[in-house]
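Here is a brief report on selected local features. Please keep the sequence and the model in view while reading.

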Amino acid sequence: MLNQVNKLNGIHDGKQTYPTIFAQPTGNRFVINITSDFDSSDTYDEVVALLSSATESDEIIWNISSYGGFVNSLSMILGWKAMCPAHQTHVLHSNADSCASVFFLSDADQYIVGDGATMFLHEIQAGVSGTTSNMIRHMEHLKETNEDFIRRSYSGFVSEYEMLQILSGVELFITSEQIRSSLAQREQKIAKKHKEQDTEILQE
């Protein structure tokens, strides 16, 4: 184990909790536990270091069980994940709520969904303060970034009707069977899109 968990007898002690990283001594296989809320970005310094050094011969297994957290920290991790050439597997046996659902649905080579898996999807939650004019501009910015974030995160996984529901403030709760079904449908859509793109290239 590369770092320590701030827990005493299983009870969180109020200190910042870092993701645990387990390295298999006989190979290039790593298990990263995302089992707490997405905390401030510096929480993931060791995760970023691993993602920046992993190669195509490495395997990273993400164990996810989280209620969500900060979108900015999530976005940073997703950016480094996307640049990492290692084989990545997402494992969900528990809850992936809010930001955690976005993390689980991000690009991976394999998705494993256990029978106890659940998801909770909703739009970004935020508050603003300051002068009236500054709050108006801030809210306009949040509205734009929220819609872009939600559409990028859940595109192909939820229907357009469900997407509009989320953007209107409706909270969606999804079971393991629904997760598996929606993932399969998304993969079919992606495969169809790639096939159409390949056909267009051949026609050119």
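In which loop is the place of Ser98? Ser98 lies in the loop between strand 6 (87-97) and helix 3 (99-105). The model is a predicted one.

## Ser98

The backbone at Ser98 stands out for its phi. The angle is positive, about 55°, although Ser98 is not a glycine.

Ser98 has a relative accessibility of 14%. The cut-off for buried is under 20%, so Ser98 counts as buried.

## Packing of helix 1 and helix 2

Two packed helices are described by the angle and the distance between their axes. Here the pair is helix 1 (residues 45-53) and helix 2 (residues 71-83). Their axes come within 9 Å and cross at roughly 15°. Angles under 35 degrees count as roughly parallel, and helix 1 and helix 2 are therefore roughly parallel to each other. The crossing of helix 1 past helix 2 is left-handed.

Helix 1 makes the contact through Val48, Leu51 and Ser52. Helix 2 contributes Met76, Ile77, Trp80 and Lys81. By class, the residues of this contact are five nonpolar, one polar and one charged.

## The buried face of helix 1

Which residues of helix 1 are buried? They are Val47, Val48, Leu50 and Leu51. Seen down the axis of helix 1, these buried residues fall within an arc of 160°, so they line one face of the helix. In an α-helix there are 3.6 residues a turn, so residues three or four places apart point the same way.

Val48 and Leu51 are buried, and both also take part in the contact with helix 2.

Methods. Residues are numbered from 1 along each chain as its sequence is written. This is a predicted model: local features need pLDDT of at least 70, side-chain atom pairs count only at pLDDT 80 or more; totals for chains, interfaces and linings use all residues. Side-chain values use heavy atoms; hydrogens and water are left out. Axes are lines fitted to C-alpha atoms, for helices over the stretch in contact, and angles run from 0 to 180 degrees between N-to-C directions. Helices (H or I, at least four residues) and strands (E, at least two) are DSSP runs, numbered from the N terminus. Angles under 35 degrees count as roughly parallel, over 145 as roughly antiparallel, 65 to 115 as roughly perpendicular and the rest as oblique. A crossing is left-handed if the near helix is turned anticlockwise from the far one by less than a right angle, and right-handed if clockwise. Contact means heavy atoms within 4.5 Å. Ala, Val, Leu, Ile, Met, Phe, Trp, Tyr, Cys and Pro count as nonpolar, Asp, Glu, Lys and Arg as charged, and the others, Gly among them, as polar. Buried means under 20% relative accessible area, exposed over 50%, partly exposed in between (1.4 Å probe, protein chains only). The arc is that of the directions from the helix axis to the C-beta atoms.
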